[in-house]
Amino acid sequence: MADSLAITLIRHGMTPENQARRYIGHTDVPLAEQEKTRLLQADLPLFKPVDLLVSSDLLRCKQTRELLFRNYGGGKYEMAQWREMHFGDWEGKTFLELKEIKEYRQWLSSPLAMAPPNGESYQAFCQRVEEALEQTVLLAEQANAEHVAVVTHGGPIRCILERYAPQERPFWEWTVPFGGGFTLQSTLERWKEKKRCISLSEVLFKESENGRALTTELKNGKMLFGVTDMSGNMASRM
């Protein structure tokens, strides 16, 4: 049985709703057409081949999976537990459409302490993501995999990074670009014991001068993007 187990978390590509900065946690929408082209032109030179491919069951993740891992011929699994946070009554809405609602303003001030109406609390969301990770690690153990790729959403990736990255950083201090992500290298036992990973690499697209996506960079332990504010940009990152 393999001892080392790396998990690469990739965020789905951009959708028209992301471009409009709408909250689309569980709303099932496709990728933007130009994003499909960008991902199709991209190379994804990960540090080693993927043995197992997992994704959220939402369309934007499945499309991203098929475009980025178009040459992958192994097993594929879809899990609803890898979905984004459920924004309840605010699904499909923008900041401008919600900003006058008292509960929304309170949630923006304390997003970890409140839940959207008919939506998911931060605690319930992170517990669900933890369950998704446990199931993914179990699949990896059963398949004797050494490298698992998970195509998911920005929120679940931040949950995992907050809990398992070598360096401790709060949820909102992690920035995850569309179509990019992170590789967490660890061992099977450490994952099962819920210990922080051994090393972390960031997976990023590198754009050529004409804007065409050509390659992906791995940069160990270095954040290349700044933190954005919640009120204006939160929806575009979900």
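Modeller: Keep in mind that this is a predicted model. Arginine 21 has a relative accessibility of 40%. Buried means under 20% and exposed means over 50%, so arginine 21 counts as partly exposed.

Biologist: Where does arginine 21 sit in the chain?

Modeller: Helix 1 covers 16–19 and helix 2 covers 33–41. Arginine 21 lies in the loop between helix 1 and helix 2.

Biologist: What is the phi of arginine 21?

Modeller: The value is positive, and the residue is not a glycine. For arginine 21, phi is near 60°.

Biologist: Is lysine 194 buried, partly exposed or exposed?

Modeller: Lysine 194 belongs to the loop between helix 8 (188–192) and strand 6 (199–207). Its phi is also positive, near 60°. The relative accessibility of lysine 194 is 30%. With under 20% as buried and over 50% as exposed, lysine 194 therefore counts as partly exposed.

Biologist: How many helices and strands does the protein chain have?

Modeller: Helix 1, helix 2 and helix 8 have come up already, as has strand 6. The protein chain as a whole has 9 helices and 7 strands.

Biologist: What share of the contacts with a separation of 6 or more joins residues 24 or more positions apart?

Modeller: The protein chain has 238 residues, and 50% of them count as buried. Among its contacts with a separation of 6 or more, the share from residues 24 or more positions apart is 72%.

Biologist: What part of the accessible surface belongs to carbon and sulfur atoms?

Modeller: The accessible surface of the protein chain is about 10400 Å². Of that surface, carbon and sulfur atoms hold 50%.

Methods:
Residues numbered from 1 in each chain as written. Predicted model: local features only at pLDDT ≥ 70, side-chain atom pairs only at ≥ 80, totals over all residues. Heavy atoms only, no water. Helix = DSSP H or I, 4+ residues; strand = E, 2+ residues; numbered from the N terminus. Buried < 20%, exposed > 50% of the residue type's maximum accessible area, 1.4 Å probe, protein only. Contact = heavy atoms within 4.5 Å. Areas by Shrake-Rupley, 256 points an atom, 1.4 Å probe, with all protein chains shown as cover.
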